[in-house]
Every structure is written in C-alpha cells, then in structure tokens.
Amino acid sequence: MGEWVTVCEVGPRDGLQIAKSIMPTAAKANWIAAMAAAGVREIEVGSFVPPKLIPQMADTAEIVRAAVALPGLTVVALAPNLKGAQNAYAAGVHRIIVPVSVSEGHSRANTNRGTFEQVAEVGRVVAWLRDQERRVTLEAACATAFGCSIDGVIPTDAVVKVAEGLAQAGADRVALADTVGYGNPAQVHEVVRAVRAAIGPKLAKLHLHDTMGLGLANVLAGLEEGIRGFDAALAGLGGCPFAPGASGNIVTEDLVFMLESMGFSTGIALEKLIAARDLLHAGVPGEPMHGQVARAGIPKTFRAAA
Ligand code: ZN
C-alpha cells in the first residue's frame with residue numbers, strides 16, 4: 001500500500017467515439033484541461049482515424065496540440081496503423097496506442113486486418129518511430145483479450161501469442177483490453193499471470209469495461225497481480241463502434257475512490273475530478289452519465305492516500 005497507480009483517462013477517445021453528438025473542440029479542450037488540473041497524469045485524447053469512420057475524432061490533431069501545453073500531462077492518442085501513427089507523431093503526442101485485437105473477427109471489423117497482420121503493422125510503426133527525432137513510446141493494446149462479442153471465447157494461449165508477437169515487434173508497452181467487458185476476476189488473474197510470464201514488465205496496463213458490472217472487481221484482481229496502470233473514463237462513457245454489445249468503461253471517479261481509499265496514490269483530487277463531469281455533460285448533453293461516487297457524494301469517511 002502507499003504505492004503509485006497510474007490512471008489513464010480514456011473518455012475523450014473511448015468515450016466520445018460512440019457519443020451520439022459531436023463534442024465541440026473548445027468544450028473538449030476545456031474538459032481535458034479540467035481533468036489534467038484535477039491531477040490526471042495521462043489522458044488518451046483521441047484517435048487518428050479517418051473522420052468519415054469516426055467523425056467525433058476529426059479534431060484530434062487540434063486537441064493534441066492543446067493538450068501538450070498542459071503541464072505534467074502525458075498525451076496519448078490511438079492510431080490503428082502507420083499512417084495514423086505518423087499523424088499522431090506530427091501532432092506532438094507523447095505516446096501512441098496501436099490496437100491489436102486477439103479476436104480475428106474483431107480485428108477485421110476494427111482495422112480491416114487479421115490479428116497477425118496487425119502485429120506486423122505494429123512492427124512497421126516501431127521501425128518508423130525509431131527513425132524520428134522525438135522519442136514517442138508505443139503501447140500495443142491486446143483488444144478483446146477477455147472475450148469477444150463476435151468470436152466468443154478467447155483462449156488465454158491466444159492472448160499470450162499476440163502479446164509475445166507485440167513484444168517481439170518492439171512495442172514499448174503492452175496493455176490487455178477487455179473491449180466488450182466479458183472478463184471476470186479469475187480470468188484476469190489467469191491472463192495477467194500468463195502474459196507476464198511471457199513478456200515480463202512490458203505488460204503495463206489493463207483497459208476494462210463495466211458491461212457486466214465486474215469492472216472494479218477486475219481492477220482488484222489486476223492489483224493483486226501487481227498491475228499498476230488502469231484505463232478508465234469519466235462518468236463511465238465508452239464502447240467500441242466495431243464491437244456490438246460493448247458498453248461503458250470503468251468509471252474514473254469510482255476507480256480513484258477505490259484506489260485512494262485502499263492507500264494507492266493516484267495524484268488525482270477526487271472532488272475536482274467529479275467537478276469535471278459538468279464540462280463533459282455540457283459538451284455532450286445527451287450522453288448517460290454513470291458513476292456511484294458522484295451520485296452518492298464523497299463520504300465523510302474518505303481519506304485520500306498519503
Ligand atoms: Zn475500450
């Protein structure tokens with residue numbers, strides 16, 4: 001206890017990509033600034049995909065340029081391929097996430113490539129980044145690592161093979177993503193152990209969804225396995241436009257409440273984080289806002305970790 005846990009806010013990407021309305025650029029920039037001011041150290045601010053596929057992400061380069069001016073913030077963006085990664089680099093991101101779906105069906109729906117074709121694409125991004133002046137880290141995210149709404153059960157061995165391929169391709173970090181939120185705590189223990197045995201400390205993070213209400217239980221399983229990085233979205237926004245049935249990410253406010261209550265430091269001021277919900281709601285007023293702590297209020301017993 002007393003250890004650091006890094007919470008990466010993914011609402012501006014995973015949350016807004018399925019929003020029914022488009023958040024105006026200025027509102028998005030203000031919302032991101034408010035979360036950074038609350039102490040969020042890493043924010044996935046958007047994705048570099050063709051605007052005709054995901055119009056909500058059309059302003060990502062502009063958002064990146066605003067976000068890199070915020071002090072102490074690691075600015076992260078998703079890129080599905082080399083072209084997207086080149087655009088992300090040009091905009092000034094600190095870290096690029098390339099998704100690689102363990103499920104063949106989701107991989108084709110999401111990136112138009114098979115799983116190992118996409119692992120090869122990660123290799124091309126790594127090689128290109130190595131030749132650039134500025135150092136940008138590459139995180140490969142094993143999507144649908146705990147089950148898939150298209151292909152069903154995803155065997156642990158399949159996740160291990162993809163993670164190994166990504167480590168060999170030169171990814172700096174590997175994340176395991178429960179894209180559709182079908183995972184359970186026992187599975188998190190099993191998959192994290194197996195992947196860590198294969199790639200060691202390159203396994204950096206879990207990306208969890210709360211579809212079945214097991215999001216924080218899965219976080220706890222990850223913590224028990226030594227994972228110290230988690231993605232979450234303010235107000236539990238989120239889902240994947242190419243994964244039918246996916247629902248919201250785990251709620252950042254609830255995650256911070258749990259971590260700080262348990263003695264894990266996140267650097268995030270819970271009250272300020274909850275206040276940032278107003279900016280999100282103002283920007284996309286039609287979206288449902290989740291979150292137990294915001295609804296109940298921060299209890300008097302709450303003490304942030306030292
Ligand atoms: Zn997600």
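The crossing of helices α7 and α8 is right-handed, a crossing being right-handed if the near helix is turned clockwise from the far one by less than a right angle, and left-handed if anticlockwise. The model is a predicted one, in which local features need pLDDT of at least 70 and side-chain atom pairs count only at pLDDT 80 or more, while totals for chains, interfaces and linings use all residues. Residues are numbered from 1 along each chain as its sequence is written, and side-chain values use heavy atoms, without hydrogens or water.

Two packed helices are described by the angle between their axes and the distance between the axes. Axes are lines fitted to C-alpha atoms, for helices over the stretch in contact, with angles from 0 to 180 degrees between N-to-C directions. Helices (H or I, at least four residues) and strands (E, at least two) are DSSP runs numbered from the N terminus.

| Helix pair | Angle | Axis distance |
|---|---|---|
| α7 (residues 156–169) and α8 (residues 185–199) | about 35° | 9 Å |
| α9 (residues 215–224) and α10 | about 40° | 11 Å |

The angle makes α9 oblique to α10, because angles under 35 degrees count as roughly parallel, over 145 as roughly antiparallel, 65 to 115 as roughly perpendicular and the rest as oblique. The crossing of α9 and α10 is right-handed.

Contact means heavy atoms within 4.5 Å. Between α9 and α10, Leu-216, Val-219, Leu-220 and Leu-223 meet Asp-254, Leu-255, Met-258 and Leu-259. These residues comprise seven nonpolar, no polar and one charged; Ala, Val, Leu, Ile, Met, Phe, Trp, Tyr, Cys and Pro count as nonpolar, Asp, Glu, Lys and Arg as charged, and the others, Gly among them, as polar.

Just after α9, Gly-226 has a positive phi of about 95°.

The eight strands β1-β2-β3-β4-β5-β6-β7-β8 form a closed barrel with parallel pairing, where two strands pair if DSSP finds at least two bridges between them. Neighbouring strands of this sheet are turned by 30° against each other on average, direction ignored. Helix α10 (residues 252–261) packs on the sheet, where α10 touches β1 (6–9) and β8 (229–232), and the direction of α10 makes about 175° with that of β1. Strands β2 (residues 42–47) and β3 (residues 74–78) are joined in the parallel sense by five bridges.
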